[in-house]
Amino acid sequence: MSYAELFSSAPEAIIEIEETYLRFLIPVARGWKSHYLPFQGGDVFGALRHHVPELLGAIHAVSLVLWNEAGARILPFPVTMAEKEILEHLNLKREDYFGTNVEMVFALRPLALIDQKNREYLVSSVTRGYFNRLQNIFTELGYNISRITTAFEAAIGRFQQQRKLLGHHGSACIISLGYSQVHMIVLRQGEVIAMRTALTGSVKELENRLVEALKLKTDKIEEYLTGRVENPDSNTVEIIQQNMRELLARITPFFAFIRSKEKERSDQTIYLSLPCLEIKGLKELLEQSFSLAVKPLDESAVNDDSRSNWLQGILYPSTVSLLPRKPPLFSFILTPRIIWLFSFFFLCTPFAFIKINHDMVKGQMKALQLKEEKSRLFLQRDEMTKSQQAALKGMSDILLGELPKSVTAASLVIEISKRVPANVRIVRFDYSPNTSNISLSGIALNTETALSFWEALKRFPWLTDPKISFSPGNSDFSMGFVISSGVIH
């Protein structure tokens, strides 16, 4: 084993999770081997528990491509928002964006700027419960999940891997016709500019119609879709063709929207991916309907086994994962040989690690001393605060004992307010406890009203010898006045 092989990334399998089947893409020698495993009753987790240990053997790293419970859509956000803020915003507003209160996991692929203030993002999502259950199952089985992504992202990653091989230039539309969904993705110069998801045209919808109308079995349906039936029933063919026409009815508005955004139309190419079944006649129908070249997404997809190669798109570096990636430095093949190598290394270098440990202890001691110094200063400030608090309490006790014996500004205001006539407005009230004097400024309707208020204050027992004066510059409609007096304690 070379050093490059020793510290290379651990080999990992790719698992496609659909509504009724699992597809495993397992690395063997210098290639890949595909396994298609249908399961009944929709128990995807039971199927994973049963088949993962059986098929993966010594491989303990997996990447997952999801169709179910997962989706994607393009949303605009201000360029000033960081991705962390966008993720928090999506969690808070998931009902507005996705029409559900179910907790979700999100991942972002930044797209082009709309204008100077806004940018579009391709938001991949999966329900939190489904996501957590997948992680728990693989953890229980002893496997490490490297990536979890949507079928959207895997298709985009495979296109990026194949661009040179495909000789592509200009705009590309990827149509991925899966079992449960149909994905349409448009890229310009390798960057996503639009996407759609539809249920119409999926293999599942075709199966449901044929089972309901003609009571066909699944294996017979596959023979019709792939064109292996020599003398096909006319009703069955009509249902299949009707489904294709409905699929085109979904795709046509999408193409119209894309063409309205494109300056040129001659450089568009459709790349067709059929991960579930090779549907006979679909390629020719798309070419006739849109007058565009239609090519397979994977040029090597010539049979059922190699057609699953599109799953390798999850390994493309820019493919967005719903699971945060671990640094590659800490991912390598753990074998008995490596275990012995590390054991020998640790046995031969004990003193170096003792020194490292000693340095760590010294660092921790310094950190503790710093914390102790901060704590000591805090306790000193606390003692000072306690003494100041005791002094304030003593002053407050004295004040509480003296206040009931003396007149306060609050009591004066309350009692004087009771004597204010309806046509008098108090503008200012000044009280000086040091000189025991008050000054009361106000406005009255006329002189008689002000004098009436002054007479009432003269009879107030807490005031001594109130005097009134009138302000200069009074108008015909109001009279300003000032009343000053001493206060009896």
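Predicted model: local features only at pLDDT ≥ 70, side-chain atom pairs only at ≥ 80, totals over all residues.
Me: Hi! Where should I look for the main hydrophobic part, and which residues have the most contacts inside the largest nonpolar core?
Reply: Hello! The largest nonpolar core holds 39 residues, and those with the most contacts inside it are Ile175, Leu177, Val203, Ile251, Leu282, Leu286 and Phe290.

Me: Which helices and strands supply at least two residues of this core?
Reply: On the strand side they are β9 (171-177), β10 (182-188), β11 (191-198) and β12 (268-273). The helices are α7 (203-214), α8 (218-226), α9 (234-261) and α10 (282-290).

Me: And which one gives the largest share?
Reply: That is α9, with nine residues of this core.

Me: Let's zoom in on Phe290. What does it touch, beyond residues up to four places away in sequence?
Reply: Phe290 touches Leu248, Ile251, Thr252, Phe255, Arg259 and Ile270.

Me: What about a second core, how many residues does that have?
Reply: There is a separate core of 33 residues, and Val44, Val52, Val105 and Val126 are among them. As background, nonpolar side chains in soluble globular proteins tend to be buried together.

Me: Changing topic to cysteines. How many disulfides are there?
Reply: The count is zero disulfides.

Me: OK, and is Cys173 buried or exposed?
Reply: Cys173 is buried, because its relative accessibility is 5% and the cut-off for buried is under 20%.

Me: What is the figure for Cys276?
Reply: Cys276 has a relative accessible area of 9%, so it is buried as well.

Me: What lines the second largest cavity?
Reply: Its lining is made of Leu177, Gly201, Leu206, Asn243, Met244, Leu247, Ile279 and Leu282. Six of these residues are nonpolar, two are polar and none is charged. The volume of the second largest cavity is about 40 Å³, and α9 gives the most to its lining, with three residues.

Me: What about pockets? How much space lies in the second largest pocket?
Reply: It holds about 310 Å³. There are 18 lining residues, with Thr20, Gln40, Tyr179, Glu207 and Thr218 nearest the centre of the second largest pocket.

Me: Which element has the largest share of that lining?
Reply: It is α7, with four residues. β3 (31-38) and α8 also supply at least two residues each to the lining of the second largest pocket. The lining divides into ten nonpolar, six polar and two charged residues.

Me: Last one: where does Gly442 lie?
Reply: Gly442 is in strand β15, which covers residues 437-444. With 6% relative accessibility, Gly442 counts as buried.

Me: What is Gly442 in contact with, leaving aside neighbours within four places in sequence?
Reply: Gly442 contacts Arg425, Ile426 and Val427, and also Met479, Gly480 and Phe481. As for Phe429, which is 13 residues apart from Gly442 along the chain, the C-alpha atoms of the two are separated by 8.9 Å.

Technical notes: Residues numbered from 1 in each chain as written. Heavy atoms only, no water. Disulfide = S-S within 2.5 Å. Buried < 20%, exposed > 50% of the residue type's maximum accessible area, 1.4 Å probe, protein only. Core = buried A, V, L, I, M, F, W, Y, C linked by side-chain atoms within 4.5 Å. Contact = heavy atoms within 4.5 Å. 1 Å grid on protein atoms, 1.4 Å probe; cavity = no way out; pocket = protein on both sides within 12 Å on 5 of 7 lines; lining within 4 Å. Points joined across faces, edges and corners; volume = space filled by probe spheres on them. Nonpolar A, V, L, I, M, F, W, Y, C, P; charged D, E, K, R; others polar.
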